[in-house]
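I opened my notebook to get to know a new structure. Here is what I looked up, entry by entry.

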Amino acid sequence: MNINQMELQSLRHLIGSHETSEKKLNFYASQAQDPQVKQMFQQSAQSASQTRQKLLTFLG
């Protein structure tokens with residue numbers, strides 16, 4: 001699959017955003033006292049990671 005320069009830039013931005021979100025959510029999970037809140041942040045971080053991995057497949 002060939003992607004143009006604009007699509008490449010958009011992918012890079014999305015991948016970076018998901019990476020940042022994953023890191024923040026993992027940090028929030030580490031700070032959470034309530035087990036349900038902690039789990040929610042962990043699940044959201046995992047989802048961000050999975051989405052980032054799927055986006056990376058478009059790069060090569």
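This is a predicted model: local features need pLDDT of at least 70, side-chain atom pairs count only at pLDDT 80 or more; totals for chains, interfaces and linings use all residues.

**Entry 1: a first test of the cut-off.** I picked Leu 55, whose place is in helix 2. Is Leu 55 buried or exposed? Its relative accessible area is 14%, and because that is under 20%, I wrote down Leu 55 as buried. Next I asked which residues Leu 55 is in contact with, leaving aside its neighbours within four places in sequence. I found Leu 11, Leu 14, Ile 15 and His 18. I also checked Leu 55 against Arg 12: they are 43 residues apart in sequence, yet 8.8 Å apart in space from C-alpha to C-alpha.

**Entry 2: the overall picture.** I stepped back and looked up the secondary structure, which comes to two helices and zero strands. Along the principal axes, the C-alpha trace spans about 45 × 15 × 10 Å. The radius of gyration is 14 Å, whereas a compact globule of 60 residues would have one near 10 Å. Buried residues make up 22% of the 60 residues. For the accessible surface I noted about 4700 Å², with 52% of it belonging to carbon and sulfur atoms. I then turned to contacts between residues at least 6 apart in sequence, and 62% of them join residues at least 24 apart.

**Entry 3: helix 1.** Helix 1 takes in residues 5-31. I tested its length: at 1.5 Å a residue, its 27 residues should span 39 Å, and the end C-alpha atoms are 39 Å apart, so the two agree. At the N-terminal end I found a cap, Asn 4, with a side-chain oxygen 3.0 Å from the backbone nitrogen of Met 6. The buried residues of helix 1 are Leu 8, Leu 11, Ile 15, Glu 22, Leu 25 and Ala 29. What covers them includes helix 2, residues 35-57.

**Entry 4: a closer look at Glu 22.** Glu 22 has its place in helix 1. Why did I list Glu 22 as buried? Its relative accessible area is 16%, and the cut-off is under 20%, so Glu 22 counts as buried. Not counting residues up to four places away in sequence, Glu 22 touches Ala 45, Ala 48, Ser 49 and Arg 52. I also looked up Gln 46, which is 24 residues from Glu 22 in sequence and 7.1 Å away in space, C-alpha to C-alpha.

**Entry 5: helix 2.** Helix 2 has 23 residues and reaches 33 Å from its first C-alpha to its last, close to the 33 Å expected at 1.5 Å a residue. At its start, a side-chain oxygen of Asp 34 comes to within 2.7 Å of the backbone nitrogen of Gln 36. Which residues of helix 2 are buried? I listed Phe 41, Ala 45, Ala 48, Ser 49, Arg 52 and Leu 55, and these pack against helix 1.

**Entry 6: the aromatic rings.** How many aromatic pairs does a search of the whole structure find? I noted two. Phe 27, Tyr 28 and Phe 41 form one aromatic cluster.

Definitions and conventions
Residues are numbered from 1 along each chain as its sequence is written. Side-chain values use heavy atoms; hydrogens and water are left out. Helices (H or I, at least four residues) and strands (E, at least two) are DSSP runs, numbered from the N terminus. The expected span of a helix is 1.5 Å times one less than its number of residues. Buried means under 20% relative accessible area, exposed over 50%, partly exposed in between (1.4 Å probe, protein chains only). Contact means heavy atoms within 4.5 Å. A polar contact is a pair of N or O atoms within 3.5 Å; within protein, one must be able to donate a hydrogen and the other to accept it, and residues adjacent in sequence count only if both atoms are side-chain atoms. The radius of gyration is taken over C-alpha atoms; the globule rule is 2.2 Å times the number of residues to the power 0.38. Accessible areas come from the Shrake-Rupley method with a 1.4 Å probe; for residues, only the protein chains shown count as cover. Rings of Phe, Tyr and Trp (its six-membered ring) pair if their centres lie within 6.5 Å; planes under 30 degrees apart count as stacked, over 60 as edge-to-face and the rest as tilted.
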